[in-house]
Amino acid sequence: QAQLVESGGGLVQAGGSLRLSCAASGRTFSNNYMGWFRQAPGKEREFVATVSGNGYSTNYADSVKGRFTCSRDNAKNTVYLQMNNLKPEDTAVYYCAVKTKSGSYSTATLYDYWGQGTQVTVSS
């Protein structure tokens, strides 16, 4: 069965960095956009970043542009989210997913195979 597993979250002070990984198993998604979304307590799930199937095209939410970098290694069937200069407002559960439907890259309902999420907490 296809499965995505996020890892790399944790507690970090403001200004610090974390690298999240999303490992896929059971199926190869090299032809699909992979996306990162996050959900903070009491808030809607929001788009963070996407990377194209070949890894050469990326998109970012304005709130993370210049601080986060999304990439992938198709040989390892893994997508990454490098998060630098973290801010308290970045605190959320981060999820990765596979874009399986056509449409806007930032629309969560166009994605499937959601991982379990990994908690990122940024302290002041």
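Predicted model: local features only at pLDDT ≥ 70, side-chain atom pairs only at ≥ 80, totals over all residues.
**Note on aromatic pairs and a cavity**

1. The structure holds 7 aromatic pairs.

2. One of the pairs is formed by Phe-29 and Tyr-113. The ring centres of Phe-29 and Tyr-113 are 5.4 Å apart and the planes stand at 50 degrees, so this pair is classed as tilted. The reason is that planes under 30 degrees apart count as stacked and those over 60 as edge-to-face, with the rest called tilted.

3. Where in the chain do Phe-29 and Tyr-113 lie? Phe-29 is in the loop between S3 and strand S4 (34-39), while Tyr-113 is in the loop between strand S10 (111-112) and strand S11 (118-123). The pair therefore ties together parts that are 84 residues apart in sequence.

4. Are these two residues buried or partly exposed? Phe-29 has 1% relative accessibility and so counts as buried, because the cut-off for buried is under 20%. Tyr-113, at 32% relative accessibility, counts as partly exposed.

5. Phe-37 and Tyr-111 make an edge-to-face aromatic pair, with 4.9 Å from centre to centre and 75 degrees between the planes. This pair also links distant parts of the chain: Phe-37 belongs to strand S4 and Tyr-111 to strand S10, and the two are 74 residues apart. Phe-37 and Tyr-111 are both buried.

6. Phe-37 and Tyr-111 are also members of a cluster.

7. How many cavities of 30 Å³ or more does the structure hold? There is 1. The volume of the largest cavity is about 40 Å³.

8. Which residues line the largest cavity? The lining consists of Cys-22, Ala-24, Phe-29, Met-34, Arg-72, Asn-74, Asn-77, Thr-78 and Val-79.

9. Strand S3 (18-25) and strand S8 (78-83) each contribute at least two residues to the lining of the largest cavity. Sorted by class, that lining has 5 nonpolar, 3 polar and 1 charged residues.

Note on methods
Residues numbered from 1 in each chain as written. Heavy atoms only, no water. 1 Å grid on protein atoms, 1.4 Å probe; cavity = no way out; pocket = protein on both sides within 12 Å on 5 of 7 lines; lining within 4 Å. Points joined across faces, edges and corners; volume = space filled by probe spheres on them. Helix = DSSP H or I, 4+ residues; strand = E, 2+ residues; numbered from the N terminus. Nonpolar A, V, L, I, M, F, W, Y, C, P; charged D, E, K, R; others polar. Phe/Tyr/Trp six-rings, centres within 6.5 Å; stacked < 30°, edge-to-face > 60°. Buried < 20%, exposed > 50% of the residue type's maximum accessible area, 1.4 Å probe, protein only.
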